[in-house]
Amino acid sequence: MKAWGQQQHGAMASQRIDQGMGSTLCPDGVAFRVWAPHAQQVSVIGSFNNWDGGANPMTPEPRGFWCTKIENASIGDHYKYQLSTEWGVIKRIDPYAREVTNSVGDAIIHDPSFGWDDDKFTIKNWNELVIYELHVGTFNEADLSLPGRFISITARLDYLKKLGINAIQIMPIGQFAGKISWGYNPSHIFAVDSDYGGPLGFKQFIKRAHQCGIAVILDVVYNHLGPTDLDLWRFDGWSANQKGGIYFYNDDRALTPWGETRPDFGRGEVRQYILDNVRMWLDEYHLDGLRFDSTVYIRNMGEGGMRELPDGWSILQAINETVARRCSSRITIAEDLRSNDWITKDVGAGGAGFGTQWDPHFVQLIRQAVITPKDENRALDGIREAILYRYNDDAFERVIYSESHDDVANGQSRIPQEVNPGDPTGWHAQKRSTLAASLVFTAPGIPMLFQGQEFLEGGWFRDTVPVDWDQREEFRGIVRMCRDLIRLRLDREGVSHGLSGQFTQVFHLNKARNMIAFHRWDRGGPGDDVVVVANFFHEPQDNYVLGLPAAKTWKLRFNSDWHGYSESFEGHPSGDVEAVPGDQDGFPYHACFSVGPYSVLIYSQ
């Protein structure tokens with residue numbers, strides 16, 4: 001189906017005024033092109049012709065396309081398409097509009113030029129990525145009564161750089177209905193939300209992020225559109241079965257958990273619309289990757305997303321092929337949450353072709369382990385599974401996290417809140433939430449934080465409540481802990497390279513004492529071998545014997561119980577250990593360890 005859609009798209013090129021869809025600047029005016037196969041006549045109306053439907057009629061092209069060129073139209077002009085149909089006269093916002101006044105307003109002729117200043121930024125290797133997920137609307141800097149804007153994030157880039165993250169994943173920014181939203185209700189997928197700062201604000205933010213050495217990954221939504229303020233709905237008047245018309249399925253395939261607005265992934269023009277959107281983000285905005293919302297509802301349909309939709313699988317493959325052709329280093333992330341190896345298998349092998357995917361195994365099992373009130377109910381087998389799980393035998397085909405926008409909303413809360421709703425900043429909340437965060441940065445996978453997690457943001461995520469930046473100062477020790485973990489994860493000191501390696505062995509699991517230890521490595525040896533010891537018990541563990549892969553001194557690189565991280569922490573006296581001969585845990589050497597309550601130690605040579 002992909003080849004058919006692309007062939008038709010190419011065959012029409014010679015008959016166009018311009019290669020592009022929507023409004024396109026040209027030397028002698030602005031070219032317009034729209035797809036409306038059931039329209040009897042289409043014209044462009046706008047501020048340049050006093051919104052006169054008779055001033056600028058469009059010329060019909062094969063397969064329902066319409067085009068024209070208007071010499072006196074220019075950048076900044078407002079416009080719409082006026083369609084004469086058997087269902088009456090309809091006025092529509094351009095589906096390809098890069099800029100709109102608002103979700104029910106006008107399209108704006110957009111100036112695509114921008115001074116990127118030879119931006120040649122390249123995202124880090126995926127085993128060296130540390131992602132920070134954020135929501136623009138709540139990442140406020142100044143006026144907390146208004147939604148955050150891209151400039152709000154720009155103001156925090158120095159902070160994020162110091163924290164150590166090297167990629168920001170932004171929740172969806174396509175123009176949505178109203179001023180406040182999570183972003184998963186896109187009305188216009190080509191237009192950057194005007195309240196956030198529009199396309200210029202987004203480009204300025206990306207440019208500055210790249211100058212700070214930080215990649216930008218955007219969350220995009222293709223499993224459904226809208227469902228409100230949706231000009232694509234019955235765009236040219238036609239529909240069948242009371243459904244959405246040319247851009248959507250018009251049968252039972254239309255139904256999603258968010259309404260009957262699943263795009264028709266089998267129709268060439270709709271496929272091209274989605275692929276053009278992917279290309280726009282990569283080419284015009286210099287994005288370093290895309291995260292795809294709920295891909296299970298692209299590839300599947302029906303109640304619970306249990307029935308396969310071949311068109312959807314095909315569009316996922318086409319998207320990843322498109323990204324790979326443009327730049328193989330750009331990352332595509334699937335939020336599929338079905339633990340499906342085929343999501344990250346190569347397209348050539350029949351897979352969907354994503355670079356990596358959010359891993360439900362890790363987040364669900366680790367959250368359960370630390371939120372469970374009683375120590376005797378902490379499932380160490382589940383923790384081991386969370387650490388070791390991988391797709392296609394590749395440690396970095398998964399993104400691991402203990403908090404995300406979905407996991408701290410929809411009936412769930414931030415981990416500190418879940419641990420102790422009555423005291424979400426108390427000892428238990430601090431200790432067990434940082435226990436989870438320590439595993440995020442030491443287990444194999446691409447680690448991710450959610451905004452505010454690094455300073456114990458409480459409650460649950462709401463698009464009406466901004467990040468509480470006052471807690472950054474109050475819990476500056478926890479911020480430092482996250483910074484220290486990231487430094488080790490990225491081997492900033494040259495002593496922990498194994499944390500970005502492929503290999504992991506959980507060599508010790510003691511259910512009676514809630515202790516688990518694992519070995520991370522790439523090539524092995526000093527500076528590479530890393531041993532992580534985690535105590536899931538509320539009391540310290542002293543004189544605890546564990547095996548080690550090599551002799552001599554193992555240096556303590558990190559102790560989550562250090563008093564400097566929190567005044568509530570005891571600072572249990574852990575330290576360097578000396579590995580001596582003697583078989584233990586499958587290793588030829590062993591040593592005695594002391595580890596604080598609900599604490600993680602990281603050792604290397």
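**Labels and their grounds**

Q: Why is Asp 311 called buried?
A: Its relative accessibility is 19%, and buried means under 20% relative accessible area, exposed over 50%, partly exposed in between (1.4 Å probe, protein chains only). So Asp 311 counts as buried.

Q: What kind of model is this, and how are residues numbered?
A: This is a predicted model, where local features need pLDDT of at least 70, side-chain atom pairs count only at pLDDT 80 or more, and totals for chains, interfaces and linings use all residues. Residues are numbered from 1 along each chain as its sequence is written, and side-chain values use heavy atoms, with hydrogens and water left out.

Q: What makes Asp 311 and Arg 253 a salt bridge?
A: A salt bridge is a side-chain nitrogen of Lys or Arg within 4 Å of a carboxyl oxygen of Asp or Glu. Here the N to O distance is 3.9 Å. The pair therefore meets the cut-off.

Q: Which parts does the pair of Asp 311 and Arg 253 tie together?
A: Asp 311 lies in helix H7 (residues 310–326), and Arg 253 in the loop between S13 and H5. These parts are 58 residues apart in sequence. Helices (H or I, at least four residues) and strands (E, at least two) are DSSP runs, numbered from the N terminus.

Q: Is Arg 253 buried, partly exposed or exposed?
A: Arg 253 has a relative accessible area of 27%, so the label is partly exposed.

Q: How do you know that Asp 252 and Arg 307 form a salt bridge?
A: Their side chains meet at 3.4 Å, N to O. The pair links distant parts of the chain: Asp 252 in the loop between S13 and H5, and Arg 307 in strand S16 (residues 307–308), 55 residues apart. Asp 252 is partly exposed at 47% relative accessibility. Arg 307 is partly exposed too, at 42%.

Q: Why is Arg 523 called exposed?
A: Arg 523 has 65% relative accessibility, so it counts as exposed. Its salt-bridge partner is Asp 522, with the closest N and O atoms 3.3 Å apart. Asp 522 counts as partly exposed, at 26%.

Q: How many salt bridges does the structure hold?
A: It holds 32. Bridges that share partners join Asp 219, Arg 291, Asp 293 and Glu 335 into one network.

Q: How do you know that the length of H7 agrees with a helix?
A: The expected span of a helix is 1.5 Å times one less than its number of residues. The 17 residues of H7 should span 24 Å, and the end C-alpha atoms are 25 Å apart, which agrees. The buried residues of H7 include Ile 315, Leu 316 and Ile 319.

Q: What makes H4 mostly covered?
A: In helix H4 (residues 198–211), 10 of the 14 residues are buried. Among them are Phe 202 and Phe 205. The cover includes helix H2 (150–154), helix H3 (157–163) and helix H5 (268–283). Contact means heavy atoms within 4.5 Å.

Q: Which residues touch the most other members of the largest nonpolar core?
A: They are Phe 32, Ile 170, Phe 202, Phe 205 and Trp 281, in a core of 139 residues. H5 gives the most to this core, with eight residues. A nonpolar core is a set of buried Ala, Val, Leu, Ile, Met, Phe, Trp, Tyr and Cys residues joined through side-chain atoms within 4.5 Å. A second, separate core of 18 residues includes Val 531 and Trp 554.

Q: What makes S1 and S4 the edges of their sheet?
A: The open sheet has four strands in the order S1-S2-S5-S4, with antiparallel pairing. Strand S1 (22–26) and strand S4 (59–60) each have a single partner strand, so one side of each is left without a neighbour in the sheet.

Q: How do you know that S4 and S5 pair?
A: Two strands pair if DSSP finds at least two bridges between them. Two bridges join S4 to strand S5 (residues 65–70), so the pair qualifies.

Q: Why is Asp 561 called buried?
A: Asp 561 has 0% relative accessibility, so it counts as buried. The residues it touches include Lys 431, Phe 569 and His 572.

Note on methods: Lists of a residue's contacts leave out its neighbours within four places in sequence.
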